[in-house]
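Subject: Structure handover

Hello,

My notes on it follow below.

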Amino acid sequence: QVHLAESGGGLVQAGGSLRLSCVASGSIFSVTVLGWYLQAPGQQRELVAAFTGDGSTNYGDSVKGRFTLSRDNAKKTIDLLMNSMKPDDTAVYYCHVRALESGKRLYSDYWGQGTQVTVSS
């Protein structure tokens, strides 16, 4: 089983910064996609940033230039540095990977439990 553990959420004032961290554990053979999504109340889950299988990094339009995605393969971590935060960034943030678990044939999507980020005006 693949497990994702998130940390770093909390309350921040507009213009401030937060860093989210996600640690992956379990019998992971391969990973093709990894990143972060957010879900605001009453809204669908949407992409914040992700490393894709072709080596590129995709950012949601609302966070381009403000958020930076990074990874440490040795530590199996995915970090999201959020700068110049806005009240509209308020949401639950979810870590996501598309991974092939050892002994399995198909890639599956795995999600963390979510971490609340609140930006006050």
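Leaving out neighbours within four places in sequence, Ser 120 is in contact with Leu 11, Val 12, Gln 13 and Ala 14, where contact means heavy atoms within 4.5 Å. Ser 120 lies in strand β11; helices (H or I, at least four residues) and strands (E, at least two) are DSSP runs numbered from the N terminus. Ser 120 and Gln 13 are 107 residues apart in sequence, while their C-alpha atoms are 4.8 Å apart in space. With a relative accessible area of 26%, Ser 120 is partly exposed; buried means under 20% relative accessible area, exposed over 50%, and partly exposed in between (1.4 Å probe, protein chains only).

Before the rest, the conventions. This is a predicted model, in which local features need pLDDT of at least 70 and side-chain atom pairs count only at pLDDT 80 or more, while totals for chains, interfaces and linings use all residues. Residues are numbered from 1 along each chain as its sequence is written, and side-chain values use heavy atoms, with hydrogens and water left out.

Core

The largest nonpolar core has 28 residues, of which Trp 36, Val 48, Leu 80, Met 82 and Tyr 93 touch the most other members. A nonpolar core here is a set of buried Ala, Val, Leu, Ile, Met, Phe, Trp, Tyr and Cys residues joined through side-chain atoms within 4.5 Å. At least two residues of this core come from each of β1 (2-7), β3 (18-26), β4 (28-39), β5 (46-51), β7 (67-72), β8 (77-82), β9 (91-101) and β11 (115-120). The largest share, five residues, is supplied by β9. As general background, nonpolar side chains in soluble globular proteins tend to be buried together.

Disulfide

There is one disulfide in the structure, a disulfide being a pair of cysteine sulfur atoms within 2.5 Å. The partners are Cys 22 and Cys 95, with their sulfur atoms 2.1 Å apart. The torsion about the S-S bond of Cys 22 and Cys 95 is about -80°, so the disulfide is left-handed. Because Cys 22 lies in strand β3 and Cys 95 in strand β9, the pair ties together parts that are 73 residues apart in sequence. Cys 22 and Cys 95 are both buried.

Pocket

The largest pocket has a volume of about 190 Å³. The search ran on a 1 Å grid over the protein atoms alone: a pocket is an open set of points where a 1.4 Å probe fits, with protein on both sides within 12 Å along at least five of seven lines, and lining residues have an atom within 4 Å of a point. Grid points are joined across faces, edges and corners, and the volume is the space filled by probe spheres set on the points.

The lining consists of Cys 22, Ala 24, Ile 28, Val 31, Leu 34, Arg 71, Asp 72, Asn 73, Lys 76, Thr 77, Ile 78 and Val 97. By class, seven of these are nonpolar, two polar and three charged (Ala, Val, Leu, Ile, Met, Phe, Trp, Tyr, Cys and Pro count as nonpolar, Asp, Glu, Lys and Arg as charged, and the others, Gly among them, as polar). β3, β4, β7 and β8 each supply at least two lining residues, and β4 gives the most, with three.

Loops

Arg 66 is in the loop between β6 (57-59) and β7 and is buried, with a relative accessible area of 10%. Not counting residues up to four places away in sequence, Arg 66 touches Leu 81, Met 82, Asn 83, Ser 84, Met 85, Lys 86 and Asp 89. Arg 66 and Met 82 are 16 residues apart in sequence and 6.2 Å apart from C-alpha to C-alpha.

The loop between β7 and β8 contains Lys 76, which is partly exposed at 39% relative accessibility. Phi of Lys 76 is positive, near 60°, in a residue other than glycine. Lys 75 is found in the loop between β7 and β8 and is exposed, with a relative accessible area of 59%.

Ser 84, in the loop between β8 and β9, has a positive phi of about 45° although it is not a glycine. Its relative accessible area is 43%, so Ser 84 counts as partly exposed. For reference, most residues other than glycine have a negative phi. Asp 88 is placed in the loop between β8 and β9 and is exposed, at 73% relative accessible area.

Regards
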